[in-house]
Amino acid sequence: MSFKQFSTDQDVINFVQTHTAVFNNSPDLTVTEIGDGNINFVYRVDDGSNSLIVKQALPYIRVIGEAWPLSQDRIRIEAKALKQSEAFSPGSVPEVYHYDAASCAIIMADIGHYQNMREALTERRPLPGVARELGELLARNLFYSSDFYLSSSAKKAMVQAFINPDLCQISEEVYFWDPFCDHERNNVNPPLAARAAQWWQDDELKQAVARLKMKFQNQAQVLLHGDLHTGSVFVDPSAENKVKIIDPEFAFVGPAGFDLGVLLANYLLNLAGQARAGGDPAERHAYQQTLLTDLNILWQSLADSFRSLAADHTQDPCLQGAAVVDAWLAELLTDSLGFAGVEMTRRTLGVAHVADVEQIEDDAARAEAQAMCLDIADLLIKHAPQFSGMPVITAAVSELSFCR
């Protein structure tokens, strides 16, 4: 059966009515396109009482068109990754109601009552319990997709099921190539141009990034979300499940530190943005303190949860024992810091920036916040192995990025 793009609201409605009973054939359905992403089309279908989300993958990147073809297998991978995450951590992702291979589309629960985490951080909202839950979710996803838990054959089957070459190639380019050279895709704030030119000539930095890229390409350690920035996290501190994670179309089996690194970086991008954002300096300073505290909570929650899971559920006798787990966690933290530095660089010099910093309207003030991002990135990429724990890291970061 050939692929057909949804071209009208009725196409979307027919798809939903065919594959779910959520609306019980209601004639009063509305369709709203809600996706602000670059790759796919996303629609909300609503009858006034209930709503759900439809996501369709085209054979190319949405904002570019047929000039940049892209495998539609990514929507299968996303559906499978969502179901896998639900199995690892029930309630952590929107429920998938239906995946349709012919239409390259997913129907899933609407989590519109949750707030996007990037928006919450940019608005300096308190998020009690969110960092702890994120640490627990990461620990479960790491453990249950790792060699600690899976048999050799199950692990290899998982690797095969999540082969994702097109999306991985995009990541390899926008993370590890573009922002470390004078690439035409880069988006450099003019007052930051001299710093960027120095960045692109730093051989020590580029060697460290090359090592991280090799890990990204070759270390099949755990199932990754692949794009775990704060825009892919939705939060409701008052809910039983405080966190919902979306958009795992970049999922693949890769280095354990990558998802954690991207998430840490997005906390730190907000931290640097607060230094030059609008509002009362004392309020911004206090929120920076909260962000650093949350980073410590997130890591401690992850480490404690992973140790508990490993003690109770490790299947491989060779991997049992606290010393093995502690060594694995130490390597995880080191790798995550390097990947965090890469993410901060690509969000500062690369094609895709973040609202945490871009909200600063004055170019010069924004360049100061971006320079803080690069200062932190330089610290993390070059010196990650020297840090013995998250409190040491947050103490070092605080010296580079506080309101002044």
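Me: Where is Arg124 found?
Reply: Arg124 is found in the loop between helix H3 (117-122) and H4. Helices here are DSSP runs of H or I with at least four residues, strands are runs of E with at least two, and both are numbered from the N terminus. The model is predicted, so local features need pLDDT of at least 70 and side-chain atom pairs pLDDT 80 or more, while totals for chains, interfaces and linings use all residues. Residues are numbered from 1 along each chain as its sequence is written, and side-chain values use heavy atoms, without hydrogens and water.

Me: Why is Arg124 called buried?
Reply: Its relative accessibility is 16%, so Arg124 counts as buried. The cut-offs are under 20% relative accessible area for buried, over 50% for exposed, and partly exposed in between (1.4 Å probe, protein chains only).

Me: What makes the phi of Arg124 worth a look?
Reply: Phi of Arg124 is near 60°, a positive value in a residue other than glycine. Most residues other than glycine have a negative phi. Cys104 also has a positive phi, near 50°.

Me: Where is Cys104, and why does it count as buried?
Reply: Cys104 is found in the loop between strand E6 (96-100) and strand E7 (105-109). Its relative accessibility is 9%, so Cys104 counts as buried.

Me: How do you know that Ser103 is buried, and what does it touch?
Reply: Ser103 lies in the loop between E6 and E7. Its relative accessible area is 15%, so Ser103 is buried. Leaving out residues up to four places away in sequence, Ser103 touches Phe3, Phe6, Phe15 and Gln56. Contact means heavy atoms within 4.5 Å.

Me: Gln56 has a bridge partner in the model. Which residue is it?
Reply: Gln56, in E3, is the bridge partner of Phe41.

Me: How do you know that E2 and E3 pair?
Reply: Strand E3 (residues 51-56) and E2 share 6 bridges, in the antiparallel sense. Pairing takes at least two bridges found by DSSP. The hairpin of E2 and E3 has 4 residues between the strands, and Gly48 there takes a positive phi near 95°.

Me: What joins E1 to E2?
Reply: Strand E1 (residues 30-33) and strand E2 (residues 41-46) run antiparallel and are joined by 4 bridges. Thr32 stands opposite Arg44 in E2.

Me: What makes E8 and E11 edge strands?
Reply: The open sheet has 3 strands in the order E8-E10-E11, with antiparallel pairing. Strand E8 (115-116) and strand E11 (243-245) each have a single partner strand, so one side of each lacks a neighbour in the sheet. E8 pairs with strand E10 (residues 233-235) over 2 bridges. Asn116 stands opposite Phe234 in E10. Helix H4 (residues 130-144) packs on this sheet and touches E10 and E11.

Me: Why are H8 and H11 called roughly perpendicular?
Reply: Helix H8 (residues 203-218) and helix H11 (residues 322-349) pack at about 115°, with axes 10 Å apart. Angles under 35 degrees count as roughly parallel, over 145 as roughly antiparallel, 65 to 115 as roughly perpendicular, and the rest as oblique. H8 and H11 are therefore roughly perpendicular.

Me: Which residues meet where H8 and H11 pack?
Reply: From H8 come Val209, Leu212, Lys215 and Phe216; from H11 come Glu331, Asp335, Gly338, Phe339 and Val342. By class, this contact has 5 nonpolar, 1 polar and 3 charged residues. Ala, Val, Leu, Ile, Met, Phe, Trp, Tyr, Cys and Pro count as nonpolar, Asp, Glu, Lys and Arg as charged, and the others, Gly among them, as polar.

Terms used: Axes are lines fitted to C-alpha atoms, for helices over the stretch in contact, and angles run from 0 to 180 degrees between N-to-C directions.
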